[in-house]
Amino acid sequence: MNPIFLAGTHSAEFGAALAGQLGAPLGRSTVQQFPDGEQQALVEEDVEGAEVVLVQSLQPPVGEHLLELRLLADACLGAGARRLTAVVPYFAYARQDRRVRRGESLGGAVLARLVAEGFSRVLAVDLHAEAAEGWFTCPLEQVSALPALAEAVRPVVDPRAVVVSPDLGGAKRAERFARALGLELAIVHKSRQSGKEVTTHGLLGEVRDRPILIVDDLISTGGTIEAAVRVVRAARCAPDITVVASHVLLVGRAIERLAAAGIQRLVHSDSVRAPADLPFAQQVVSLAPALAAALRPLPPAR
Ligand code: R5P
């Protein structure tokens, strides 16, 4: 039997697409806001004894979306739901994966504990940190957007293109992407000065006269991609630059920065609702099939 699917207010479209993959409707729930800003969730389905899948992307404002998820979870448990699964297409704070200075909080672990409370499992997509699994107090299943993103670019990719990781930390991810498409790999050496500024120190690999596919897990301010484009252009790549990312937040001046850098197209998943009128070509790839496959019950063992 299918679970009952419910979604937070900004994830309703995603939740409906995911439920649709499994032939189910999105269940009715609301989160109403009181004049003082407090919220209250109401689940309008009969969830008693049922398995419930709650879909909520933790896009900005993260605190608000996290609270919605918690309130919906509480509403389901209060109404007797048997088992809760959280589907979190974009899991925020995952870049806060170590304490750099004494006295710093470990945001990724804090958020994981806050999300996991009361859930039997959490499904998330391309979490930034490898350490993430240890943060959760319930089983975490990670789904990758990369196979679907690779299939989306496959029909148009130039066989001479080079896949570029914009930093050393993303090299394994970019390598998997390059291998899926049978392309070569190059890596930008980057260091981060602050949340907004990055510096690059060179390029490992050959990109001269070759089209470029920059692959990253997340675009937030656009600073990392802007710096990587500068490096591959300095190495005289071909003008055709595609950026592929699992999640796009596009905060602040990110769109202007990517446009000024001269990228031709952005291919990304629907984990976060991005603006549709970007000043470069855009292709949005649905995560619903990959997440639905992860939710499907395994066939009984023979
Ligand atoms: C960093 O390690 C990540 O993989 C991303 O490259 C980074 O977080 C993107 O942030 P921004 O767009 O602000 O440079």
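**View 1. Leu106 in the loop between strand S5 and helix H3 of the predicted model.** Leu106 sits in the loop that runs from strand S5 (83-88) to helix H3 (107-116). Leaving out residues up to four places away in sequence, Leu106 touches Gln96, Asp97, Arg98 and Arg99. Arg95 and Leu106 are 11 residues apart in sequence, and their C-alpha atoms are 9.6 Å apart in space. Two residues named in this view return in the next one: Arg95 and Asp97 are among the residues closest to the centre of the largest pocket.

**View 2. The largest pocket and the residues at its centre.** The volume of the largest pocket is about 1500 Å³. Its lining consists of 46 residues, and those closest to the centre are Ala94, Arg95, Asp97, His128 and Asp217. What is the make-up of the lining by class? The lining of the largest pocket counts 14 nonpolar, 17 polar and 15 charged residues.

**View 3. Elements and domains around the largest pocket.** Two or more residues of the lining come from each of strand S7 (140-143), helix H5 (171-181), strand S9 (184-192), strand S11 (212-219) and helix H6 (223-234). Which of these elements gives the most? Strand S11 does, with four residues.

**View 4. The contact between domain 1 and domain 2.** The domain assignment of the chain gives domain 1 as 4-144 + 289-295 and domain 2 as 146-285. Taken over C-alpha atoms, the centres of domain 1 and domain 2 are separated by 28 Å. Domain 1 brings 14 residues to the contact, and domain 2 brings 14 residues. About 1300 Å² of area is buried between domain 1 and domain 2, with 50% of it given by carbon and sulfur atoms. How many salt bridges cross the interface? Two are found across the interface of domain 1 and domain 2, while the count for the model comes to 15 salt bridges.

**View 5. The salt bridge of Glu13 and Arg273.** The side chains of Glu13 and Arg273 meet in a salt bridge, with an N to O distance of 3.6 Å.

View 6. Helix H1 (12-21), strand S13 (265-269) and strand S14 (281-285) supply at least two lining residues each. Helix H1 has the largest share of the lining, three residues. By class, the lining of the second largest pocket holds seven nonpolar, eight polar and three charged residues. Domain 1 (4-144 + 289-295) and domain 2 (146-285) each provide at least three residues of this lining.

Key:
Residues numbered from 1 in each chain as written. Predicted model: local features only at pLDDT ≥ 70, side-chain atom pairs only at ≥ 80, totals over all residues. Heavy atoms only, no water. 1 Å grid on protein atoms, 1.4 Å probe; cavity = no way out; pocket = protein on both sides within 12 Å on 5 of 7 lines; lining within 4 Å. Points joined across faces, edges and corners; volume = space filled by probe spheres on them. Nonpolar A, V, L, I, M, F, W, Y, C, P; charged D, E, K, R; others polar. Domains from an automatic or database assignment. Contact = heavy atoms within 4.5 Å. Buried area = accessible area lost by both parts, 1.4 Å probe. Salt bridge = Lys/Arg side-chain N within 4 Å of Asp/Glu carboxyl O.
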